[in-house]
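The structure comes first, then the terms and the findings.

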Amino acid sequence: MHTHDERLTRMVLTAMHDRLAMDPVPLDRPGDVAALTAALSGLITAEGADPHHVMSLWSDVLAPHVMSSDAANFLAFIPAAPTKAALLFDMLVSGSSIQGISALEAAGAIAAENQVLRFLADLAGLPQGAGGVFVSGGSAGNLSALTVARDVGRHRRGIGRGSLTRIAVSDQAHSSIHNALSILDMEALLVPTEDHRLTGPALARALDADPDPASVVAVVATAGTTNAGIIDELGTITEVTRARQLWLHVDGAYGGGGLLAPSVRPQYAGLEHADSFIVDPHKWLFAPYDCAALLYREPRLAKAVHTQDASYLDVIHAEGDEWNPSDLAYHLTRRARGLPLWFSLAVNGTDAYARAVEASIELAAWTARHIAAQPHLRLLREPTLGVVLFERLGWEPADYDRWSSELLEEQVALVTSTKWEGRTVGRLAFLHPRTPHALVEEILARMA
Ligand SMILES: *Cc1c(COP(=O)(O)O)cnc(C)c1O
């Protein structure tokens, strides 16, 4: 099984070719995991099965029940839309068994990943010394960054391990932030938002009103909330974090891609003062799963917190000043998952990325105007990025459910409702640059 098998290679590459050539990519359907498990019964045997049989189980039985988040009519959650170049290069990364831990093992891969991280740091306005690593997702990025924020903050404040350590977050922060706080044994100082947006004055008021502000070591701001695409008021937040020596972490897992769009770039002003920042290329930077970029203003702080000490690792730290991606987050072995983005950025050029990001911002703005013009619909908020929230007057939650399941049943689109100010409302998340206007019209017409 370690010998090159020409037929097996052709079979898989042909399947890959067919998937890449699909136009449009089919949305596909939810499935019943128990029934699918039963269909696979007995497949793994001591002798092995015919590869064609296993492949057809995948293509005919399993794959139709894996929804394609890269379909142009997948408009729920946060969709994906990896470029063809990124998908192809991802396959090569897999075929190359790159161990992305250290400069010793993977200098070539690290140089390429660092080139992309530098590109992202420049977009964010971070200084020359900034740097970071690609991790599996926004959750992993947030956890790794907040670990550094905690340890640096405790050190600065003389807070001992086990003593109350808190992080100020808005009531709109992503669920992964609360998970990270729980893992790190930290608590949240919950800052109320004005119009769902964290601002510097609200942060300052919360800190001033708090009986123990010294236990707050960091602030998490969101650059593009997942539910509504709202960017916190980074400019005024940084005035507070800088005046009070608070670590500023900016979660741009979804919205960070907007940095590429000249039409919204000014809304990120202040990001250049972040101590740590994440953006998920597997969302709005058109990379395949799983890929999050984690950047630190001062990577040496992350290195001090995350470097794993094991005697078998001494050799990768021999020179003291080396750059090992594994030292900058809570992992050791890592896939060089920044490479597909690197290849695609280099091949397609940054203008193509800017146009693709602008396309969903424009579609969201167009949709908002379309909604505003319909008497039975109500726009809940002018969209900032690619997410539109709206309401069908008179509808109950069950109406949204029916609308959503009919659209999926007929394979028109995947659209789900969300909660907004306690109510069930409609939500459209645009990310694929080729989602047609006519599709949006059809989805909304079905609410008439
Ligand atoms: C998606 C998202 C996350 C989590 O990222 P994963 O890649 O799913 O782990 C965190 N924060 C925000 C704002 C997000 O949109």
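Axes are lines fitted to C-alpha atoms, for helices over the stretch in contact, and angles run from 0 to 180 degrees between N-to-C directions. Helices (H or I, at least four residues) and strands (E, at least two) are DSSP runs, numbered from the N terminus. The model is predicted: local features need pLDDT of at least 70, side-chain atom pairs count only at pLDDT 80 or more, and totals for chains, interfaces and linings use all residues. Residues are numbered from 1 along each chain as its sequence is written, and side-chain values use heavy atoms, without hydrogens and water.

The axes of α1 and helix α3 (residues 51-62) cross at roughly 15 degrees and come within 11 Å. The two helices are therefore roughly parallel to each other (angles under 35 degrees count as such). Where they are in contact (heavy atoms within 4.5 Å), Arg7, Leu8, Met11, Val12 and Ala15 of α1 meet Pro51, His52 and Met55 of α3.

Most residues other than glycine have a negative phi, and most peptide bonds are trans.

| Feature | Value | Loop |
|---|---|---|
| Peptide bond Asp23 to Pro24, cis | omega near 5 degrees | Pro24: between α1 and α2 (33-39) |
| Peptide bond Tyr289 to Asp290, cis | omega near -5 degrees | Asp290: between α10 (281-284) and β7 (292-296) |
| Ser97, positive phi | about 45 degrees | Ser97: between α4 (84-95) and α5 (103-124) |

Conventions
Angles under 35 degrees count as roughly parallel, over 145 as roughly antiparallel, 65 to 115 as roughly perpendicular and the rest as oblique.
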